[in-house]
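Q: How does one read the features of a model such as this one?
A: Let us take them one at a time.

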Amino acid sequence: MVSGTPKASGAFRTIGEVSEATGLPQHILRYWETRFPQLRPVTRAGNRRYYRPEDVALVRRIDALLNAQGYTVRGVQQLLTHPAPPEARPGDGPDDGAPTMLAALRTIRDDLGRALTQDDDIA
């Protein structure tokens with residue numbers, strides 16, 4: 001039963017509304033509740049689920065990690081339990097991990113420079 005009036009941004013959402021907003025089937029949302037302890041919508045009489053705005057944000061984050069970035073369920077579980085520092089998470093920032101990539105490239109450059117210097121000393 002979808003009404004023509006949009007809900008307030010802080011309003012609770014039913015599983016059907018979250019499913020429609022995210023494009024995820026309801027059974028996937030129920031499955032994720034069993035796999036991700038951080039995802040705990042409020043349950044009311046009759047076991048009806050009501051998702052808070054932070055629950056919806058977590059659903060979107062899990063969806064992005066699983067379906068867009070290629071993480072496994074186990075990988076997302078570990079990431080949500082022990083989040084990596086921001087500089088170690090490619091794809092999360094506006095520069096798509098460029099500082100981490102740049103640091104790795106500089107390390108490789110320095111290693112190659114040392115190797116070339118060593119080759120010159122031997123020859």
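A: The expected span of a helix is 1.5 Å times one less than its number of residues. Helices are DSSP runs of H or I of at least four residues, strands runs of E of at least two, numbered from the N terminus. Helix α3 (residues 53-68) has 16 residues and spans 21 Å from first C-alpha to last, close to the expected 22 Å. The model is predicted: local features need pLDDT of at least 70, side-chain atom pairs 80 or more, while totals for chains, interfaces and linings use all residues. Residues are numbered from 1 along each chain as its sequence is written, and side-chain values use heavy atoms, without hydrogens and water.

Q: Which residues of α3 are buried?
A: Buried means under 20% relative accessible area, exposed over 50%, and partly exposed in between (1.4 Å probe, protein chains only). In α3 the buried residues are Asp55, Val56, Leu58, Val59, Ile62, Leu65 and Leu66. Their cover, by contact (heavy atoms within 4.5 Å), includes β1 (13-14), α1 (15-22), α2 (26-35), β3 and α4 (73-81).

Q: What should I make of the phi of asparagine 47?
A: Most residues other than glycine have a negative phi. Asparagine 47 has a positive phi, near 60 degrees. This residue sits in the loop between β2 (42-44) and β3 (48-51), and counts as exposed because its relative accessibility is 59%.
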